[in-house]
Amino acid sequence: MATFRLQGSRVLAVTLTGDAVKAKNGSMVAYDGEMSFKKMTGGGEGLRGMVTRRLTGEQMEVMEVRGQGTCWFADRATEINLVRLHGDKLYVEASNLLCTDASLRTGTTFTGLRGSSSGNGLFTTTVEGSGQAALLSDGPAVVLRVTPQYPLCVDPGAYVAHQGNLQQHFQSGVTFRTFMGEGGGEAFQIRFEGDGLVYVQPSERRTIGGDL
């Protein structure tokens with residue numbers, strides 16, 4: 001299995017010993033040894049995946065990197081966060097996914113109103129299996145724990161990913177900026193309930209639902 005390690009917080013080094021990883025197309029910045037690069041169809045999910053992603057709007061350009069040596073990846077100096085999966089499933093926006101072990105399966109799933117609030121459609125990308133994934137975030141991501149006793153409300157513009165046995169609900173809410181008349185429209189939040197982890201970034205994307 002490929003070995004993932006961070007060099008600083010914005011460059012991912014992946015050591016390969018004849019195995020492969022799937023990475024965001026164009027994210028390779030350097031490599032040593034013998035490497036091959038192949039663009040993959042439908043986010044690495046073949047023709048059916050290509051059709052599904054076009055229908056859902058959850059587009060993902062992916063390349064397979066295979067060989068012997070070390071390959072370095074980065075994307076516009078964005079922060080990189082490593083996540084290890086142990087047979088579970090990660091939900092992440094396609095734009096926030098940098099690299100995964102080739103053995104991990106990717107797909108799309110319906111997320112309801114959360115997707116529309118972030119401006120990325122009604123679907124999100126899933127990563128499932130055992131291995132590592134590298135996520136992108138605008139600033140260092142914070143991992144927040146959700147338990148049945150302590151649900152969590154998240155700004156849709158700050159959401160990056162989540163994993164575990166979580167249910168999400170889209171709800172309106174009033175923030176300080178909304179109260180002062182400085183919001184861009186009605187404020188919305190994602191409420192997570194259950195048991196799992198939520199990854200958030202210290203920067204907000206502009207959302208259809210307005211400023212939070």
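I started at the hairpin formed by β1 and β2, which has 3 residues between the two strands. In that turn I noted a positive phi of about 75 degrees at G8. The model is a predicted one.

Next I looked up the pairing of the hairpin strands. β1 covers residues 3-7 and runs antiparallel to β2, with 5 bridges joining them. I found V11 of β2 to be the bridge partner of Q7.

I then followed β2 to its other partners. To β4 I listed 11 bridges, again with an antiparallel run. L16 is opposite G69 of β4. To β6 I listed 3 bridges, and these strands also run antiparallel. Here A23 is opposite C99 of β6.

I checked how far β2 is covered. Of its 14 residues, 10 are buried, so β2 is largely enclosed by the rest of the structure.

I turned to the largest nonpolar core, which has 17 residues. The members that touch the most others are L12, V14, V21, V65, F73, L98 and C99. Two or more residues each come from β2 (11-24), β4 (62-73), β6 (97-101) and β8 (123-137). β2 contributes the most, 5 residues. I note that in soluble globular proteins nonpolar side chains tend to be buried together.

I took L98 for a closer look at contacts. Leaving out residues up to four places away in sequence, L98 touches L12, K22, A23, K24, S27, F73, D75, I80, A134 and L136.

Note on methods
Residues numbered from 1 in each chain as written. Predicted model: local features only at pLDDT ≥ 70, side-chain atom pairs only at ≥ 80, totals over all residues. Heavy atoms only, no water. Core = buried A, V, L, I, M, F, W, Y, C linked by side-chain atoms within 4.5 Å. Buried < 20%, exposed > 50% of the residue type's maximum accessible area, 1.4 Å probe, protein only. Helix = DSSP H or I, 4+ residues; strand = E, 2+ residues; numbered from the N terminus. Contact = heavy atoms within 4.5 Å. Pairing = 2+ DSSP bridges.
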